[in-house]
Amino acid sequence: MSSRRTVTKHLQENGIELLQGTLDMLILRTLQWGPQHGHGVGQAIRQSSAELLRIERGSLYPALHRLEARGMISSEWKSSDLNRRAKYYKLTAAGKKQLATEQSKWKLLVRAIGRVMRPA
Amino acid sequence: MQWRFWRWKQRDSDLNDEIAFDLAADAEERIRSGMPRTEAEQTSRRDFGNATLLKEEVREMWGWVSLQRLGQDLRYGWCTLRKNPLFATMAVLSLALGIGANTAIFSVMDAIMLRALPVKNPGELAILNWRAKRDSAVVQSHNGSSYDEPGGGETSPDFPWPAYELLARP
């Protein structure tokens, strides 16, 4: 627990940045588990990355709106557990397809970079 | 245009609500972990970052995406036309015929009905007809066209030359 906190602190101070284009994939992946509002998506990414990734709202919301405009996700205003209406995002069929292609591309990229960077 | 404007406004207020919800949810979490309400709300707002900048960015993005979509539509349309030359020819031809026919009919209507005649006071123009009882002593017979009057007798816009000269005198 304490070691994780030091890692998080270290990352926050030095700034870990997402690779360009991976945020969209992370959002689509998170929405695979069901409809979620913007705040929930941010929290889910933070939790499932063991607090290593903290998505700035300044990148999260533009990304959500971009994905919606491209038809990858759709939105609906629903009442939330907070007694207040929230905008819930949901994967569309096009979004599911996009997620599948991005996921396989990502796997390939990780394998390729892993090979290059592997200790000689 | 009005509809579009309305949609932009709706989108704006949706974005405001969305941001407000994020702030509320974030503060709620801090309160649940024991932070006093005012402090929690302040921290959430600070943590959120620049909301104005965010709104600006999202708005710009909407505009950019709709432009991209227009480009996609145009390209798709062009490709479809290229793929079906017969369909494209028929479409272009029917459009050309439709537009041509409309223009022709409109120019005729425009000249006849909409444009005033090129005289000094077109509103004062009048059509002169003479009217006569049937078998009257004044009009025995005449050349040109005349019409039967509903009440008996006949009427015509044709005048003999001497009569025209008399009427045309200022």
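Predicted model: local features only at pLDDT ≥ 70, side-chain atom pairs only at ≥ 80, totals over all residues.

Trainee: Okay. How many helices and strands are there in chain A?

Mentor: Chain A has five helices and three strands. Going from the N terminus, their order is α-α-β-α-α-β-β-α.

Trainee: And what share of chain A's residues is buried?

Mentor: Of the 120 residues in chain A, 26% are buried. If you take the contacts in chain A with a separation of 6 or more, 49% are between residues 24 or more positions apart.

Trainee: Let's look at the strands. What's the strand order in the chain A sheet?

Mentor: The order is E1-E3-E2, in an open sheet with antiparallel pairing. Strand E1 (36-37) and strand E2 (73-79) of chain A are the edge strands, and each pairs on one side only.

Trainee: How many bridges hold E2(A) and E3(A) together?

Mentor: Seven bridges, in the antiparallel sense. For E1(A) and E3(A), two bridges do the joining, and those strands run antiparallel.

Trainee: E3(A) keeps coming up. Why is E3(A) largely enclosed by the rest of the structure?

Mentor: Because five of its seven residues are buried, E3(A) is largely enclosed by the rest of the structure.

Trainee: And how many residues sit between the strands in the hairpin of E2(A) and E3(A)?

Mentor: Five residues lie between them. Have a look at Asn83(A) in that hairpin, which takes a positive phi near 65 degrees.

Trainee: Changing topic: I spotted Trp33(A). Where does Trp33(A) lie?

Mentor: Trp33(A) is in the loop between helix H2 (22-31) and E1 of chain A.

Trainee: Is Trp33(A) buried or exposed?

Mentor: Exposed, as Trp33(A) has 10 other C-beta atoms within 10 Å. A residue counts as exposed if that number is 12 or fewer.

Trainee: What separates the C-alpha atoms of Trp33(A) and Lys90(A)?

Mentor: Those C-alpha atoms are 9.4 Å apart, while Trp33(A) and Lys90(A) are 57 residues apart along the chain.

Trainee: On to chain B, then. What is chain B made of?

Mentor: Chain B contains five helices and three strands. Along the sequence they follow the pattern α-α-α-α-β-β-β-α.

Trainee: What percentage of chain B is buried?

Mentor: Buried residues are 5% of the 170 residues in chain B. Among contacts in chain B with a separation of 6 or more, 29% come from residues 24 or more positions apart.

Trainee: What's the order of the strands in the chain B sheet?

Mentor: That open sheet of three strands is ordered E1-E3-E2, with antiparallel pairing. Its edge strands are strand E1 (130-132) and strand E2 (147-148) of chain B, each pairing on one side only. E2(B) is joined by two bridges to strand E3 (residues 154-156) of chain B, and they run antiparallel. Asp148(B), for example, has Glu154(B) as its bridge partner in E3(B).

Trainee: Now the part I'm curious about. How many residues of the two chains are in contact?

Mentor: Contacts link 16 residues of chain A with 18 residues of chain B. On the chain A side, helix H3 (38-48), helix H4 (57-69) and strand E3 (85-91) each supply at least two residues. The largest share, seven residues, comes from H4(A). By class, the side of chain A that touches chain B has five nonpolar, five polar and six charged residues.

Trainee: At what angle does H4(A) pack with helix H3 of chain B?

Mentor: The angle between H4(A) and helix H3 (residues 51-83) of chain B is about 20 degrees, and the axes are 9 Å apart. H4(A) and H3(B) are therefore roughly parallel to each other, since angles under 35 degrees count that way. The crossing of H4(A) and H3(B) is right-handed.

Trainee: Which residues make that contact?

Mentor: From H4(A), they include Tyr61(A), Pro62(A) and His65(A). From H3(B), Leu54(B), Met61(B) and Trp62(B) are among them. The residues of the contact of H4(A) with H3(B) divide into nine nonpolar, two polar and three charged.

Methods:
Residues numbered from 1 in each chain as written. Chains lettered and ligands numbered in written order. Contact = placed C-beta atoms within 7 Å. Helix = DSSP H or I, 4+ residues; strand = E, 2+ residues; numbered from the N terminus. Nonpolar A, V, L, I, M, F, W, Y, C, P; charged D, E, K, R; others polar. Axes fitted to C-alpha atoms, helices over the stretch in contact; angles between N-to-C directions. Parallel < 35°, antiparallel > 145°, perpendicular 65-115°, else oblique. Left-handed = near helix turned anticlockwise from the far one by under 90°. Buried ≥ 20, exposed ≤ 12 C-beta atoms within 10 Å, placed from the backbone. Pairing = 2+ DSSP bridges.
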